[in-house]
Structures are given as structure tokens and as C-alpha cells.
Amino acid sequence: MISLPINKIKRHKLRGRVRVMIIFVLCLALVSGAVPTQSSARSIEEISGDLSSLNNEVSRLDAEIAELEGQLDEKRSQIRSLNNDIEELSTEIDKIGLEIQNTQAKIKRTEAEIEKTEISIRTKERELQETKRLLVEYIRLINDADNVNAFEILLSGKSFSEILNQFEYTETLQKKTQESLERIKQIKQDLEQQQATLQQQRVEAIELQTQLEGQRDALSATRSEKDRLLALSEDEAKNYESLIVKNEALQKEVLQDIESLEKELSAQTGGGGIPAGAPPAGSGVLSMPSNGIEVQGYGMTDFAEGGAYGGSGHNGIDIASGMGSPVYASADGVVSQVGDLGGVAYGRWISVRHNDLGFDTLYGHLLASKVSVGDSVAKGQIIGLMGSTGYSTGPHVHFMVCFDLRTQQQGYGLLPYCNHVNPHLYL
Ligand SMILES: [Zn+2]
């Protein structure tokens, strides 16, 4: 399993951990099949049982961490979007603030003009009253003149022509005053019209100000709510971060337990390798299970050296090609197992028993299986389609040569384990 380029290790470190754990289980399995249990130390079955439950614990923690990381990512994107919203709202609020200031200045200007116009109107009103008074006076004088009789003219000592001149003069004055009165009336009317317009402008400006203040208040309320949500999201993100750290620490602990169990097991048993009676290396009895490219070899690959398997090697070879491309039986045989581990380990896998060779071949991460247990298959026959199920980041087949293939029922599915050797010994 695992055909990851080195640069993907970090992103998939959690998956890597579980893979490491699976390798330990496999190591255990291979020895348990080959060497009898010693009675003095803990039995292989006991250790195997412990490993199995630890295995489940690692899977559980892994899933939990993945979920937490998903939630954390979601929170972080919420925080980013809230920050953007708050920034946009602040810009909008500032803009409206400036508009309110402009409107307030306009209101003040309009009010000053209204005041000025009022003073002008009052002045014109006074002029109007004064002119009216003059007019009344002139009219009275003219009436008086109309009523003058010859006797009074004689008494006044003035000549008739003198009195006539005075009368004409008064009449002219009356006429001019009348004109002046009309003019002042017109000016006053214009001023009143102007004032009405100003009053209307003032009312409109005040309405605009009220409206702008309403907008500003609504935006401010929205911003406050976003600020509150931001603080909340930041707290939640911190919470997720600390949960992840806690879970990672716990998982590390479990992996250390697995490592020590693996050591305990090694102390009780010998190593693996090709058992007596198996076909000799280089006999070329197998063909490639895919037309793809080998992206990771067996054993201490660069990826394994990088610590991906906690110091252990890769237990098969990885051949990558397109999703859904054919996976072939690498020798004649009978389908011995078909398993599905879901999102963990080998995902969907098939094993084929080659009785004449004394071992099984195993094909992991399949998209689909095309055979059932008990089916006879011929070398080169399509048995499944390449996929990326289980712990895998891209379509590839994990190909193994397994002596003494066994399976263990785990919470997440049927887990195969065996005494594996480098498939290239037989390819
Ligand atoms: Zn692999």
C-alpha cells in the first residue's frame, strides 16, 4: 500500500500513521503463522489481540482527528469570510458617515439662507408698511385738494396756479408711490417663494439625514453581530486546535504501544523470508498486475526511509495507472479472499491463491472487484479495476506476494496479513 510521493507525506501524516500501524499488524501476522507460540511469554494471540484493539483505537482517533481538522478548516474559512464582511461593512459605514456629514453641512447652509431670506422679507415688509402709509397720506392730500373751494384759496393767500401745481405734484407722488408699492410687493412675494423652496430643501435634507443614519445604524448592528460571530468562531477554532493536539498526542501514544508490542513479538519469533519449498527467486512465475508505472518498490524505499512506516519497510509494490484501468491476476489460481476495508488500509482488495507456487498474491485499493471467492482465474485475466480505496491518495494497485495469508476481522473490515516478500523476486 501507499504510493505517495514524498511531498505528500505531511498532508497524509495521519493516514501514514495508520498505515504504519497496519504494517506492524502484518509483521506480527507473518511471524505468528511461521513460529510456534512460546508458553513463557505472552502468547502471539494475546499480543495480536492487543494490537487489534490498538489498531482500532488508532483508526478511531484518526477519523476523529480528520473530522476535527475538517471542522477547523470550516471555522477558519468562516473567520476569513467574517473578516471580509466586517471590512466591507466598515467601509460602507465610513462612506455613509461622510454622506451624513455632507448632509448636515447642507442643512446648516440652507438654514442660514432661510434666516437671511427671513430678514429680507421682514425688511421688505417694513418698506411695504412705510410705502402704504405714504400712499394713504398722499391720497388724503389729494382728497383734501379736491375739496378746496375758492374761498379757502383766497384765505390761503396762494394763487390758483400755485395750488394747481401742488395738486399735480401730489398726484405724481401718489402714482410713484403706488408703483413702488407694487414693486416691493413683488420682491416680497419672490422672497417668500425662495424661502418656501429653501424650507422644502431643508426638509428633504433632514429626511436624507434620517435615512442615512438609519442605514448606518443597520450596518453597525450587522457589523456588531459579525464581530460577535467572529469572536465565537475564533474561540471554536482554538478549541478545535487544542482537541487536535490532544488527539494527536493520544494517537502517538497508541502508536508507541504498537511499536513496543511489535518488538515483544520479534523477540519471540524469527524473521520472515521465502519459506523452504517455495519457488526460487528469479523464476519469473508472476506477471505484472497492471500496465501502469511502478511508483513505489518493496522494503526500505525513500518513502519508508522518511519514517512513513515508523522505521518499517513497504510490504508490497505500488503500480499506478488510470482510475478504473484493469488489474490482472499475475498467475493462474483461485480467488481466496475478497475484502473491503472501506476508508482504511487496503480498501477494497482481492487475494488469489496459487497452490502450485505455495503463496497468494494480493491486490489492494481496487475500485471494483470482478471476481468472487472460489473463482478460478487465469494469468492475465482481469480480476478487478484500479482504484484509490482505503488509505490511498491516487489510483494505484498495491501488489503483494503473501506466504501464509491470514485475515483478521476488524471493526472496519477484513484485514489481511501475511509473511510478505518482495514481489520482484517472482516477477
Ligand atoms: Zn503500497
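User: What should I know about the numbering and the model?

Analyst: Residues count from 1 along each chain as its sequence is written. The model is predicted: local features need pLDDT of at least 70, side-chain atom pairs count only at pLDDT 80 or more, and totals for chains, interfaces and linings use all residues.

User: Which residues touch the most other members of the largest nonpolar core?

Analyst: A nonpolar core is a set of buried Ala, Val, Leu, Ile, Met, Phe, Trp, Tyr and Cys residues joined through C-beta atoms within 7 Å. Buried means 20 or more other C-beta atoms within 10 Å of a residue's own; exposed means 12 or fewer; partly exposed is in between; C-beta atoms are placed from the backbone. Here the largest core has 37 residues, and Val-327, Ile-350, Tyr-363, Ile-383 and Cys-402 touch the most other members.

User: Which strand gives the largest share of this core?

Analyst: Strands are DSSP runs (E, at least two residues), numbered from the N terminus. S10 gives the largest share, seven residues.

User: What does Cys-402 touch?

Analyst: Contact means C-beta atoms, placed from the backbone, within 7 Å. Leaving out residues up to four places away in sequence, Cys-402 touches Ser-351, Phe-359, Asp-360, Leu-362, Cys-418, Asn-419 and His-420.

User: Is His-365 buried or exposed?

Analyst: His-365 is buried, because it has 29 C-beta neighbours inside 10 Å. It sits in the loop between strand S6 (359-364) and strand S7 (366-369).

User: Where is Asp-404?

Analyst: Asp-404 is in strand S10 (residues 396-410). Its phi is near 55°, also a positive value in a non-glycine residue. With 19 C-beta neighbours inside 10 Å, Asp-404 is partly exposed.

Key: Helices (H or I, at least four residues) and strands (E, at least two) are DSSP runs, numbered from the N terminus. Two residues are in contact if their C-beta atoms, placed from the backbone, lie within 7 Å.
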